[in-house]
Amino acid sequence: MKDVVGSPGTKTGLMLRVGQCGFAAASIGFMALAAGFSSYTAFCYLIASMGLQVLWSFGLACLDAYALRIKKDIQSPVLVSLFVVGDWVTATLSLAAACSSAGIVVLYANDLSLCRTEHLPCLKYQLSVTFAFITWFLIALSSYLMLWILASV
């Protein structure tokens, strides 16, 4: 089962990691552009979680690129186990951060209508949360694939 889409050391694996890194960076970027985000703990947690995701995904993307360049199979049980654990940890943190931030955005935008009265940058908050959920989806996909690859290695 070495030819699974998204496997470490393949082009699709590299694209998956670059996508994770890119969407997490976009989430950070939109949140950082929103004035006053640091006043809310959930938004700070989102920044921290997405920052960890950028580092993790960028590191694995570099490993995939290196494996593609030297044409080496990096699907050893130890490495795949590390990928599984890292993906599960970052997926859990990312989902928690995205959900908590989404809760704050819904509260402010829909329930309290603070976006209109206080002129909060709710659109930037919403875009940041949207990119965080896309990032989480890609991490969840990667976690699932790594678990299947670990079972077959």
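**View 1. Helices H2 and H3, side by side.** Helix H2 (residues 41-70) packs against helix H3 (residues 77-111) at an angle of about 150 degrees, and their axes run 9 Å apart. That puts H2 roughly antiparallel to H3 (angles under 35 degrees count as roughly parallel, over 145 as roughly antiparallel, 65 to 115 as roughly perpendicular, the rest as oblique). Axes here are lines fitted to C-alpha atoms, for helices over the stretch in contact, with angles from 0 to 180 degrees between N-to-C directions. Where H2 passes H3, the crossing is left-handed, i.e. the near helix is turned anticlockwise from the far one by less than a right angle. The contact residues of H2 with H3 split into 17 nonpolar, seven polar and one charged (Ala, Val, Leu, Ile, Met, Phe, Trp, Tyr, Cys and Pro are nonpolar; Asp, Glu, Lys and Arg charged; the others, Gly among them, polar).

Before zooming in further: this is a predicted model, where local features need pLDDT of at least 70 and side-chain atom pairs pLDDT 80 or more, while totals for chains, interfaces and linings use all residues. Residues are numbered from 1 along each chain as its sequence is written, and side-chain values use heavy atoms, with hydrogens and water left out.

**View 2. The disulfide of Cys115 and Cys122**. Searching the whole structure turns up one disulfide (a pair of cysteine sulfur atoms within 2.5 Å). The sulfur atoms of Cys115 and Cys122 sit 1.7 Å apart, and the link is left-handed, with -80 degrees about the S-S bond. Cys115 counts as buried because its relative accessibility is 19%, and Cys122 is buried too, at 7% (buried means under 20% relative accessible area, exposed over 50%, partly exposed in between; 1.4 Å probe, protein chains only).

View 3. Cys44 is partly exposed at 31% relative accessibility, and so is Cys99 at 39%.

**View 4. Stepping back to the chain.** The C-alpha trace spans about 55 × 25 × 20 Å along its principal axes, and 40% of the 153 residues count as buried.

How values were computed. Helices (H or I, at least four residues) and strands (E, at least two) are DSSP runs, numbered from the N terminus.
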